[in-house]
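Morning, everyone. Have it open as I talk.

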Amino acid sequence: MPNEVLLSVDNTRQAISSGLRDSVATEHSCTDRGSRANSVAPKERALLMMEDRYRLLFERNVAGVFISTLDGRILDCNPAFARILGYGSPAEILARRAIDFYFSPSDREEFLSQLGTRQVLTNYEICYKRKDGAPAWVLENVSLVSSEDDQKQIIEGTVDDFSHRISLHSLLG
C-alpha cells in the first residue's frame with residue numbers, strides 16, 4: 001500500500017510528506033465533492049492522528065527537545081527544554097541564541113567541532129547556563145541533519161538534566 005502510515009520514526013517525515021502530496025494531488029484532480037471527501041478524508045485523518053501523536057510526544061516529553069541552526073538560532077523546543085534552562089516557556093527560549101546557554105563561547109565551539117566531525121553525539125556531557133546564571137548539567141544527544149530543503153544543516157537533539165546528581169555528589173564527596 002503506497003500511502004500507508006509508517007510508524008517508524010525515521011520514515012515519519014517521508015510518510016507525512018508523501019501523504020500530503022498525495023492528498024493535495026487527489027484534492028485538485030477530483031471535481032466531485034463526495035468523491036474527494038471519500039478519497040482524501042482517510043489520509044488526512046491518518047496524518048492528523050500521526051501529527052497529534054508526535055506533537056504530544058514532543059510537548060509532554062520529560063527530556064528537553066530542541067531544533068537549532070548551526071549559527072545558534074533556536075527553531076523550536078519543548079516545555080521541558082525551557083524548564084531545564086530555567087525559562088517559563090518555549091517562547092522565551094526562541095527569543096535567545098544558543099550561545100546564551102553556554103558559560104564560555106569555547107564550550108559551544110568545542111560542541112560544534114565534535115558534532116561536525118562525528119555528525120552524532122550521544123550522552124555528550126555539558127554544563128549549560130540557566131536563566132538565573134546557575135549551572136544546568138545535561139546529557140545531550142544530538143544529530144546534525146540536513147534541513148527539509150537540503151540547503152543547510154540543523155541540529156536536532158534532546159537534553160536530560162542531571163544537575164541533581166552533580167549536587168548530590170558534591171554534598172557526599
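One cut-off to begin with. A residue counts as buried under 20% relative accessible area, as exposed over 50%, and as partly exposed in between. Take tryptophan 137. Its relative accessibility is 28%, so it is partly exposed. Keep that residue in mind; we will come back to it.

A caution before we go on. This is a predicted model.

Now the overall layout. How many helices and strands are in the chain? There are six helices and five strands. Starting at the N terminus, the order is α-α-β-β-α-α-α-β-β-β-α. The chain has 173 residues, and 29% of them count as buried. Its accessible surface is about 10800 Å². Carbon and sulfur atoms make up 54% of that surface. Next, contacts. Consider those in the chain with a separation of 6 or more: 43% of them are between residues 24 or more positions apart.

On to the strands. Start with β1, residues 64-69. Is it mostly covered or mostly open? Mostly covered: five of its six residues are buried. Which strands does β1 pair with? One is β5, antiparallel, over six bridges. There, isoleucine 67 stands opposite glutamate 156 of β5. Another is β2, residues 74-77, again antiparallel, over three bridges. Here serine 68 has isoleucine 74 in β2 as its bridge partner. β1 and β2 form a hairpin with four residues between the strands. Look at glycine 72 in that hairpin: its phi is positive, near 100 degrees.

Next, the aromatic rings. What describes a pair of them? The distance of the centres and the angle of the planes. This structure holds six aromatic pairs. I will take two of them one by one.

In the pair of phenylalanine 111 and tyrosine 124, the ring centres are 5.6 Å apart. The planes meet at 55 degrees, so this pair is tilted. Where do the two residues sit? Phenylalanine 111 is in helix α5, residues 105-118, and tyrosine 124 is in strand β3, residues 120-129. They are 13 residues apart, and the pair links distant parts of the chain. Are they buried or exposed? Phenylalanine 111 has a relative accessible area of 1%, so it is buried. Tyrosine 124 is at 13%, so it counts as buried too.

Back to tryptophan 137, as promised. Its ring pairs with that of phenylalanine 162, with the centres 6.5 Å apart. The planes are at 55 degrees, so this pair is tilted as well. Tryptophan 137 lies in strand β4, residues 135-146. Phenylalanine 162 lies in the loop between β5 and α6. That puts them 25 residues apart, another link between distant parts of the chain. Phenylalanine 162 is buried, at 8%, whereas tryptophan 137 is partly exposed, at 28%.

There is also a cluster. Ring pairs link Phe66, Phe81, Tyr87 and Phe101.

Last topic: cysteines. A disulfide is a covalent bond between the sulfur atoms of two cysteines. How many disulfides does a search of the whole structure find? Two cysteines are worth a look anyway. Cysteine 77 is at 3% relative accessibility, so it counts as buried. Cysteine 127 has a relative accessible area of 13%, so it is buried too.

Note on methods:
Residues are numbered from 1 along each chain as its sequence is written. This is a predicted model: local features need pLDDT of at least 70, side-chain atom pairs count only at pLDDT 80 or more; totals for chains, interfaces and linings use all residues. Side-chain values use heavy atoms; hydrogens and water are left out. Buried means under 20% relative accessible area, exposed over 50%, partly exposed in between (1.4 Å probe, protein chains only). Rings of Phe, Tyr and Trp (its six-membered ring) pair if their centres lie within 6.5 Å; planes under 30 degrees apart count as stacked, over 60 as edge-to-face and the rest as tilted. Helices (H or I, at least four residues) and strands (E, at least two) are DSSP runs, numbered from the N terminus. Two strands pair if DSSP finds at least two bridges between them. Contact means heavy atoms within 4.5 Å. Accessible areas come from the Shrake-Rupley method with a 1.4 Å probe; for residues, only the protein chains shown count as cover.
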